[in-house]
Amino acid sequence: MPAVTVENPITLPRVAAPAEAVPRPVLAVATAPSGFEGEGFPVRRAFAGINYQYLDPFIMMDQMGEVEYAAGEPKGTPWHPHRGFETVTYLIDGTFVHQDSNGGGGTIRNGDTQWMTAGSGLLHIEAPPESLVMSGGLFHGLQLWVNLPASDKMMNPRYQDIRGGHVRLLTSPDGGALLRIIAGELDGHEGPGITHTPITMIHATLAPGAEITLPWREDFNGLAYVLAGRGAVGQELRPVRTGQTAVFGDGGSLTVRADEAQDSNAPDLEVVLLGGRPIREPMAHYGPFVMNTQAELKEAFEDFQKGLLGTVPAVHGM
């Protein structure tokens, strides 16, 4: 799990919650079920079973892999539509190629992120490059869906390429954790991702025994998903492990701690921390469309069938 790293974290700016910050309690810990997506790549459904009131503005998140493909096995998704939200694809290991009918696209690898605002609608495809299909190799990443408010659902589509080298790097007071801000801000430090719905997205790596207590915006929700390793969350130190999501209650800080002993295949605790300002609007969600009403959902399907969400380019470079 290389992502983006540094040899000596203590050279980075340090961040910690102020002593007077109210700790966020842990409301629940949910275990992600496993499934398959697209052409058959394995995923963990990180938010399955969690009440949407605690997820808003996030809709879903899949952990893709971690899987070691043999030659000829790497898989992606076919062309498909989206409308009404944003997709965030964060690649930790491997290579993925994206293209959409709005002209956006690029290749991401090892710590890169693609941020696609579907808005009024488009078609897109995500697939491993031909070289990876031929050779096989390690593949591991996340895809997060972020809702858009009604006022932005029909905005023009937009595409952002966020290179791993552009993420904001921070550490804990003792240097035991590396914090990568992909989007939003933490204690005044801003990440590169531009979001319509205000959110914070952080990939944190905690060395065995390390603990972080971070300031967290009180108007945001709080979620922690364990990519790898074992640890505990909240001041109550509720146990968490790979494939589990912790839901935090209200407060001004959140705590994550890595167990002293980790498994050999996961030497550190790897956690994605998410927070966002709830939209608190009705949501109609079916398949690739996220709207506010059933009528808007029906319209999205009809527009897709009419070709109004775009057409597949004759040559897509894959």
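A nonpolar core is taken here as a set of buried Ala, Val, Leu, Ile, Met, Phe, Trp, Tyr and Cys residues joined through side-chain atoms within 4.5 Å, where buried means under 20% relative accessible area, exposed over 50%, and partly exposed in between, with a 1.4 Å probe and protein chains only. The model is predicted, and local features therefore need pLDDT of at least 70 and side-chain atom pairs count only at pLDDT 80 or more, whereas totals for chains, interfaces and linings use all residues. Residues are numbered from 1 along each chain as its sequence is written, and side-chain values use heavy atoms, with hydrogens and water left out.

The largest nonpolar core holds 32 residues, among which Phe47, Phe58, Met61, Leu144, Met201 and Leu274 touch the most other members. At least two residues of this core come from each of strand 4 (58–69), strand 6 (85–93), strand 11 (137–147), strand 14 (177–183), strand 17 (199–206), strand 19 (222–228) and strand 24 (269–276); helices (H or I, at least four residues) and strands (E, at least two) are DSSP runs, numbered from the N terminus. A second, separate core comprises 27 residues, including Val15, Val26, Val226 and Leu254. In soluble globular proteins, nonpolar side chains tend to be buried together. With contact defined as heavy atoms within 4.5 Å, and with neighbours within four places in sequence set aside, Met61 is in contact with Arg44, Arg45, Ala46, Phe47, Leu142, Gln143, Leu144, Tyr225 and Leu274.

Ile92, found in strand 6, counts as buried because its relative accessibility is 0%; Ile92 and Thr255 are 163 residues apart in sequence and 23 Å apart in space, C-alpha to C-alpha. Asn147, which lies in strand 11, is buried with a relative accessible area of 4%. Not counting residues up to four places away in sequence, Asn147 touches Tyr52, Pro57, Ile59, Gly84, Phe85, Lys153, Thr197, Ile279, Met283 and Val290.

Seven strands form an open sheet in the order 1-22-19-24-17-14-13, with antiparallel pairing, two strands being counted as paired if DSSP finds at least two bridges between them. Strand 1 (26–31) and strand 13 (168–171) are the edge strands, each pairing on one side only. From one strand to the next the twist averages 20°, on the basis of axes that are lines fitted to C-alpha atoms (for helices over the stretch in contact) and angles that run from 0 to 180 degrees between N-to-C directions. Within this sheet, strand 14 and strand 17 run antiparallel and are joined by six bridges, and Ala183 has Met201 in strand 17 as its bridge partner.

Strand 22 (residues 244–248) is largely enclosed by the rest of the structure, because five of its five residues are buried. Gln244, Ala246 and Phe248 point one way from strand 22, Thr245 and Val247 point the other way, and all are buried. Strand 1 is joined to strand 22 by five bridges in an antiparallel arrangement, in which Ala30 is the partner of Thr245. Strand 19 and strand 22 also pair in the antiparallel sense, over four bridges, and Tyr225 stands opposite Thr245.

A further open sheet, of four strands, has the order 5-10-7-8 and antiparallel pairing. Its edge strands are strand 5 (77–82) and strand 8, each of which pairs on one side only, and the twist averages 20° from one strand to the next. In a regular strand the side chains alternate between the two faces of the sheet. Five bridges join strand 8 to the antiparallel strand 7 (residues 95–100), with Thr95 partnered by Arg109 and His98 by Gly106. Strand 7 and strand 8 form a hairpin with four residues between them, and Gly103 in the turn has a positive phi of about 95°.

Helix 3 (residues 294–305) has 12 residues and reaches 17 Å from its first C-alpha to its last, close to the 16 Å expected at 1.5 Å a residue, the expected span being 1.5 Å times one less than the number of residues. Leu297, Ala300 and Asp303 are buried in helix 3; they lie on the same side of the helix because they cover an arc of only 125° around the axis, the arc being that of the directions from the helix axis to the C-beta atoms. On the other side of helix 3, Gln294, Ala295, Lys298 and Gln305 are exposed. The buried residues of helix 3 pack against strand 25 (284–286) and strand 26 (289–291), and just after the helix Gly307 takes a positive phi of about 80°.
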